[in-house]
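Please consider the model shown below. The paragraphs that follow lead from its surface to its strands.

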Amino acid sequence: MLDKSTGMHAGIRYVIENRERVEPFTGFFLDGKYYLGPDLQTTIGWLEGTRFFYDELDPDGEPVFKDRIAGTIENLTLTLVDGMPLELHPVADR
């Protein structure tokens with residue numbers, strides 16, 4: 001179940017705004033999980049309340065984000081652990 005304070009709604013896909021010098025988020029959220037592709041089989045992240053856990057590893061096999069926590073999501077804004085805000089946008093279902 002989605003935490004209402006995230007601003008997300010069940011059944012709607014959301015993409016993360018990409019900016020230079022920020023980890024490129026190429027997937028999408030759907031129902032509290034973060035998927036890499038449209039097949040809905042490869043999850044790489046999830047929400048626990050408003051916390052966004054991102055389970056990607058760097059080339060050395062270490063998590064991209066310490067403790068796999070990328071940041072928090074409130075009101076359709078992902079605030080990364082370093083303080084950078086990124087907007088989430090709903091997208092049409094494919």
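The accessible surface of the chain amounts to about 5900 Å², and 49% of this area belongs to carbon and sulfur atoms; such areas come from the Shrake-Rupley method with a 1.4 Å probe, and for residues only the protein chains shown count as cover. The model is predicted: local features need pLDDT of at least 70, side-chain atom pairs count only at pLDDT 80 or more, and totals for chains, interfaces and linings use all residues.

Of the 94 residues, 33% count as buried, that is, under 20% relative accessible area with a 1.4 Å probe and protein chains only. The C-alpha atoms occupy a box of roughly 35 × 30 × 25 Å along the principal axes.

The chain contains zero helices and eight strands, where helices (H or I, at least four residues) and strands (E, at least two) are DSSP runs numbered from the N terminus. These eight strands close into a barrel in the order β1-β2-β3-β4-β5-β6-β7-β8, with antiparallel pairing; two strands pair if DSSP finds at least two bridges between them.

Strand β1 (residues 13-16) pairs with strand β8 (residues 85-91) in the antiparallel sense over four bridges. Within this pairing, Ile-16 stands opposite Leu-88 in β8.

Contacts, defined by heavy atoms within 4.5 Å, also span the sequence: among those between residues at least 6 apart, 38% join residues at least 24 apart.

Conventions
Residues are numbered from 1 along each chain as its sequence is written. Side-chain values use heavy atoms; hydrogens and water are left out. Buried means under 20% relative accessible area, exposed over 50%, partly exposed in between (1.4 Å probe, protein chains only).
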